[in-house]
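Inspect the model alongside the text.

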Amino acid sequence: MRIAVIGRGLIGAAAARHLARAGQDVVLIGPDEPPRMADHHGVFGSHYDEGRITRSLDPDPFWSRVSHASIARYTEIEAQAGISFYTERGVVMAGPEGSRAMECIGAVAARDGIECDRLDDVELARRFPDFHFSPGTMGWHEPRRAGFISPRRLVAAQTRAAERAGAQVIAARVLAFDEGNDGITIRHEAGQTEAARVLVAAGAYTGALTGGAVPLTVMARTVAFFEVSEAEAARLSALPPLIYLHAHGDGPYLLPPIRYPDGRWYLKMGGDSVDRPLGSPTEIGDWFRSGGNPEVARDLNEQIRARMPGLQVTATHHAACVTSFTPEDQARIAMLSDRVGVATAGCGRGAKCSDELGRLGAEAILGHTLPRPAQAD
């Protein structure tokens with residue numbers, strides 16, 4: 001039985017790896033990263049980046065569970081592909097003392113046995129002097145099996161591991177697919193492919209490919225980059241990523257200096273104060289080409305200077321990305337028919353746990369449980 005996975009992003013590439021290693025005949029279809037965003041008129045992926053926070057800590061038990069499972073397999077994926085993508089640096093999640101989000105994180109950590117320390121504002125200041133917090137702030141510090149990943153390199157690792165396990169990769173944009181009595185025909189820029197079943201893992205484009213069968217809200221997001229010198233990056237070489245949750249539960253996130261493909265070091269900050277839904281693929285493309293919202297970027301600039309007043313920034317710029325949400329704020333992994341399934345909607349948390357989401361998508365399209373990979377100690 002041939003299974004086609006549409007979408008060469010984080011979840012799709014993971015699903016293809018799990019299916020291929022389970023002995024399935026798999027074809028993974030999706031385009032390469034465009035060389036230039038500004039004049040690209042195909043589809044886009046939010047994994048075209050070098051920094052995503054990874055951690056098991058989360059106020060929501062679902063996201064904690066799938067993250068914990070994925071992180072335990074990072075070493076396995078790196079070994080299968082020969083591509084590294086994970087940096088263990090720990091993570092800090094901070095917010096107002098006594099807030100619901102902070103209390104939920106503690107409850108989930110206790111339930112799942114996640115190693116972490118509870119820090120009051122005095123201890124936060126002592127351990128992480130580069131961050132400035134207001135009095136009354138508390139934090140959870142997850143020191144191990146947390147840090148950051150390169151989503152670009154994780155996709156490359158999953159894709160190579162899938163190929164080594166026998167998967168075929170077609171570097172082309174999928175235009176549409178048609179479900180018939182005998183199977184499914186996928187039409188793409190390189191021709192067409194026949195398959196018995198299809199798993200759609202096309203991120204923000206999943207709704208369009210499935211004719212709106214999946215209720216997704218695609219939100220425009222802006223991220224800001226803060227370039228620092230080699231010396232400043234070295235000074236901050238032990239800095240963990242930070243997520244700050246306001247009393248209502250949302251807030252900005254901050255990644256420490258990471259070397260990008262241009263050879264420069266950037267801290268990255270995100271966390272839009274403005275929700276802007278995007279509809280059609282045309283709107284999504286226009287948003288990516290726009291480079292993001294300069295007003296949000298200015299707000300992020302003010303936030304990082306308040307959070308890290310001693311940071312020596314040499315230049316700044318911003319970029320556009322998107323986040324896909326379901327009404328239940330959890331990944332949508334389900335069958336739409338006997339032959340078509342979906343695995344989508346990271347809800348702003350999907351990069352770190354994409355391997356488990358892909359594994360669950362593989363199980364859905366097969367209709368049975370896969371043997372669970374060994375978990376690291």
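The sections below cover the basis of the values, the cavity and the ring contacts.

## Basis

This is a predicted model: local features need pLDDT of at least 70, side-chain atom pairs count only at pLDDT 80 or more, and totals for chains, interfaces and linings use all residues. Residues are numbered from 1 along each chain as its sequence is written, and side-chain values use heavy atoms, with hydrogens and water left out.

## Cavity

The whole-structure search finds one cavity of 30 Å³ or more. A cavity is a set of points, on a 1 Å grid over the protein atoms alone, where a 1.4 Å probe fits but cannot get out; lining residues have an atom within 4 Å of a point. The largest cavity has a volume of about 40 Å³, the volume being the space filled by probe spheres set on the points.

Its lining consists of Leu 242, Tyr 244, Pro 252, Tyr 253, Leu 254, Met 269 and Arg 307. The charged end of Arg 307 sits over the ring of Tyr 244, 4.7 Å from its centre (CZ of Arg within 6 Å of the ring centre and within 35 degrees of the ring normal).

## Aromatic pairs

The search finds eight aromatic pairs (ring centres within 6.5 Å; planes over 60 degrees apart count as edge-to-face). Tyr 74 and Phe 85 have ring centres 5.3 Å apart and planes at 80°, so the pair is edge-to-face. Both Tyr 74 and Phe 85 are buried (under 20% relative accessible area, 1.4 Å probe, protein chains only). Ring pairs link Tyr 74, Phe 85 and Tyr 86 into a cluster.

Technical notes. 1 Å grid on protein atoms, 1.4 Å probe; cavity = no way out; pocket = protein on both sides within 12 Å on 5 of 7 lines; lining within 4 Å. Phe/Tyr/Trp six-rings, centres within 6.5 Å; stacked < 30°, edge-to-face > 60°. Buried < 20%, exposed > 50% of the residue type's maximum accessible area, 1.4 Å probe, protein only.
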